[in-house]
Amino acid sequence: MHPIVKKGDVSIRYLKDGDENYLLKWLTDPAVLTYYEGKDRPYTYEKVLEDFFLDDDETRCLVLFKNTPIGYIQFYLMVEVEGIALPTSTYGMDQFIGETSYWNQGIGKNLVQSVGYYIETTLKGSMIVMDPQKWNERAIRCYEHAGFTKVGVLPNHEYHEGKWNDCFLMVNDFATYRIQPLSCMYEKQVTKFFTESWGSSVMVISTGTYKLHELEGFAACSSTGKIIGAVTFKRHDRVIEIISLDSVLENQGIGSRLMMMVELIAVEYQYPLIRVITTNDNMSALNFYQRKGYRIKEVIPGAVDQARQAKPEIPLIGEQNIPIHDELILYKKLSTY
């Protein structure tokens, strides 16, 4: 069977009949189970067949070093994690080196990098996410060396050896821009962006008047450092309210990545709800938010008319020549906190 990925001495191929014996050997080894499933959950032959030989959309492969089977890797499309909506064409990936004599030789880094390149170039993936448990320093170092970055924490995300453990959400993002906190940007640059987007850096909506450049948020920055998108938000008791969301470039996943970062904060700090307000004309925003799992909960008639009294530059006519009068409030529940 030809490998689907090969880099140097490391290659991967699809699982085939007989590979269950390798998996059974590795998944009954306490050293491997310490990092993969837990020493209290050794596999049986039947469980290996049940978990690894499925007819579904996951790609499951054996890892080989100089044609010797040494481990396992799987990758798959993901839509969300803990309710956090992920950008289109995001892949998840899990792997382990089952032959412990091959540990600490840089093979894991080589494996993750080569499969990541395959996902980016052949499968046209936009991002890869992984969720190692916070205590698993070996895996975290390997992923960081392979190009992954920790972007947040998923509390009580994985059950391991009798308890729920926090995990890091780590990403390898193939976008040509980067996401960073607004607090890392120059205030003058941020203010200029919001002024160009909204007429000023002041946002007037039914929940209050906000100076966007003073709020928490994230910016999408091009390779030259130019802001090409931004999201701002405010924490109200047990709710995170998105105040603004902008993207200069359409269909580049900017809005999705910015929203992902806000939703990750909601999960990490255990805010059960995210609220966002848009206007009655903004069909593109309504489509976007509803695809991300937000539901319309309330309409405030005349809210924009009232806001216009405080901020006259708010336009009278919006998308598709629709008069702008009302606010629509959408909510998303991310967890059961």
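Residues are numbered from 1 along each chain as its sequence is written, and side-chain values use heavy atoms, with hydrogens and water left out. Because the model is predicted, local features need pLDDT of at least 70 and side-chain atom pairs count only at pLDDT 80 or more, while totals for chains, interfaces and linings use all residues.

The second largest pocket holds about 1,200 Å³ of space. A pocket here is an open set of points on a 1 Å grid over the protein atoms alone, where a 1.4 Å probe fits, with protein on both sides within 12 Å along at least five of seven lines; lining residues have an atom within 4 Å of a point. Grid points are joined across faces, edges and corners, and the volume is the space filled by probe spheres set on the points. The lining of this pocket consists of 48 residues, and Tyr35, Tyr36, Gln95, Phe96 and Tyr143 lie nearest the centre. By class, 24 of the lining residues are nonpolar, 12 polar and 12 charged. In this count Ala, Val, Leu, Ile, Met, Phe, Trp, Tyr, Cys and Pro are nonpolar, Asp, Glu, Lys and Arg are charged, and the others, Gly among them, are polar. Elements that each supply at least two lining residues include helix H2 (30-35), strand S5 (84-97), helix H4 (107-121) and strand S6 (127-130). Helices (H or I, at least four residues) and strands (E, at least two) are DSSP runs, numbered from the N terminus.

Strand S6 can be followed residue by residue. In a regular strand the side chains alternate between the two faces of the sheet. In S6, Met127 and Val129 point one way and Ile128 and Met130 the other, and all are buried, meaning under 20% relative accessible area, with exposed over 50% and partly exposed in between (1.4 Å probe, protein chains only). S5 and S6 pair in the parallel sense over three bridges, pairing being assigned if DSSP finds at least two bridges between two strands. The chain passes from S5 through H4 to S6 in a right-handed β-α-β crossover; with the strands pointing away from the viewer, the path from the first strand over the helix to the second runs clockwise. S6 also pairs with strand S8 (residues 163-173), in the antiparallel sense over four bridges. Isoleucine 128 stands opposite tyrosine 91 and also opposite asparagine 172 in S8.

Isoleucine 107 belongs to helix H4. With a relative accessible area of 4%, isoleucine 107 is buried. Not counting residues up to four places away in sequence, isoleucine 107 touches Val10, Phe65, Ile70, Ile97 and Tyr102, contact meaning heavy atoms within 4.5 Å.

Alanine 230, in strand S13 (residues 227-236), is buried at a relative accessible area of 1%. Its contacts beyond four places in sequence include Phe193, Phe194, Phe218 and Leu258.

Two loop residues remain. Most residues other than glycine have a negative phi. Glutamate 82, in the loop between S4 and S5, has a positive phi near 55° and is partly exposed, with a relative accessible area of 30%. Asparagine 321 has a positive phi of about 60° and is exposed at 65% relative accessibility.
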